[in-house]
Amino acid sequence: MHPILALVSDGIAKSKALIEDAAAEKWDEFYALEAERQILIRSINLENITLSDSDNEQLHELMTKLIALNEQLESICVQQRDTAAGKLQDIRKGNKVSKAYSQ
């Protein structure tokens, strides 16, 4: 197996784990794993590599999976951010109401 295929496969595994952490709102684990994943993703260099036809096809499939997982991860994170923002807004409204009643 070409080393680039192993790197992309590791990126896929980490992306899947991040999706699980985000869905479960395990943010401490998420941030630690995301830091590891970013290092790995940045180490993927596709310039000037020579691959056999089968390795090239496999790389294309893996990169397609990685991109799809990144899009899914982004969607989950945006949704979680919006949910957190809504909760924060509700807390702020509650604080305003509490202050109004206490005066």
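In which helix do tryptophan 27 and phenylalanine 30 both lie, and how many residues apart are they? Both belong to helix α2, with a spacing of three residues, about one turn of the helix. In an α-helix there are 3.6 residues a turn, so residues three or four places apart point the same way.

The structure is a predicted model. Mean pLDDT for the protein chain is 90, and 93% of the residues reach 70 or more. Confidence is highest in helix α1 (residues 3–23), with a mean of 95, and lowest in α3, with a mean of 87. Where pLDDT is low, the predicted coordinates should not be read in detail.

Helix α1 comprises 21 residues and extends 30 Å from its first C-alpha to its last, close to the 30 Å expected at 1.5 Å a residue. Its buried residues are Ile4, Leu5, Val8, Gly11, Ile12, Ser15, Leu18, Ile19, Asp21 and Ala22. After α1 comes glutamate 25, which is located in the loop between α1 and α2. The phi of glutamate 25 is positive, near 55°, in a residue other than glycine. Most residues other than glycine have a negative phi. Glutamate 25 is partly exposed, at 44% relative accessibility.

A positive phi, of about 55°, is also found at asparagine 48, again not a glycine. Asparagine 48 is situated in the loop between α2 and α3. With a relative accessible area of 80%, this asparagine is exposed.

Three aromatic pairs were found in a search of the whole structure. In one of them, the ring centres of tryptophan 27 and phenylalanine 30 are 5.4 Å apart and the planes stand at 75°, so the pair is edge-to-face. Tryptophan 27 is partly exposed, at 27% relative accessibility, whereas phenylalanine 30 is buried, at 6%. Phenylalanine 30 also pairs edge-to-face with tyrosine 31, at 5.5 Å centre to centre and 85° between the planes. Tyrosine 31 is exposed, its relative accessibility being 54%. Trp27, Phe30 and Tyr31 together make up one aromatic cluster.

The number of salt bridges is three. One of these joins the side chains of glutamate 36 and lysine 14, at 3.2 Å from N to O. Because glutamate 36 belongs to helix α2 and lysine 14 to helix α1, this pair ties together parts that are 22 residues apart in sequence. Both partners are partly exposed: glutamate 36 has a relative accessible area of 42%, and lysine 14 has a relative accessibility of 22%.

A salt bridge is also formed by glutamate 34 and arginine 37, whose closest N and O atoms are 3.0 Å apart. Here both residues are in helix α2, three residues apart, about one turn of the helix. Glutamate 34 is buried, with a relative accessible area of 18%, and arginine 37 is likewise buried, at 6% relative accessibility. The salt bridge between arginine 81 and aspartate 82 has its closest N and O atoms 3.2 Å apart. Arginine 81 is exposed, with a relative accessible area of 53%, while aspartate 82 is partly exposed, at 43%.

Leucine 51 occupies the loop between α2 (27–43) and α3 (53–102). Residues up to four places away in sequence being left out, leucine 51 touches His2, Ile4, Asn56 and Leu59. Between leucine 51 and lysine 26, 25 residues apart in sequence, the C-alpha to C-alpha separation is 38 Å.

Glutamine 58 is placed in helix α3 and is partly exposed, at 31% relative accessibility. Residues up to four places away in sequence again being excluded, glutamine 58 touches Met1 and Leu5. The C-alpha atoms of glutamine 58 and aspartate 21, which are 37 residues apart along the chain, are separated by 27 Å.

Conventions: Residues are numbered from 1 along each chain as its sequence is written. Side-chain values use heavy atoms; hydrogens and water are left out. Helices (H or I, at least four residues) and strands (E, at least two) are DSSP runs, numbered from the N terminus. Contact means heavy atoms within 4.5 Å. pLDDT is the predictor's confidence in each residue, from 0 to 100. The expected span of a helix is 1.5 Å times one less than its number of residues. Buried means under 20% relative accessible area, exposed over 50%, partly exposed in between (1.4 Å probe, protein chains only). A salt bridge is a side-chain nitrogen of Lys or Arg within 4 Å of a carboxyl oxygen of Asp or Glu. Rings of Phe, Tyr and Trp (its six-membered ring) pair if their centres lie within 6.5 Å; planes under 30 degrees apart count as stacked, over 60 as edge-to-face and the rest as tilted.
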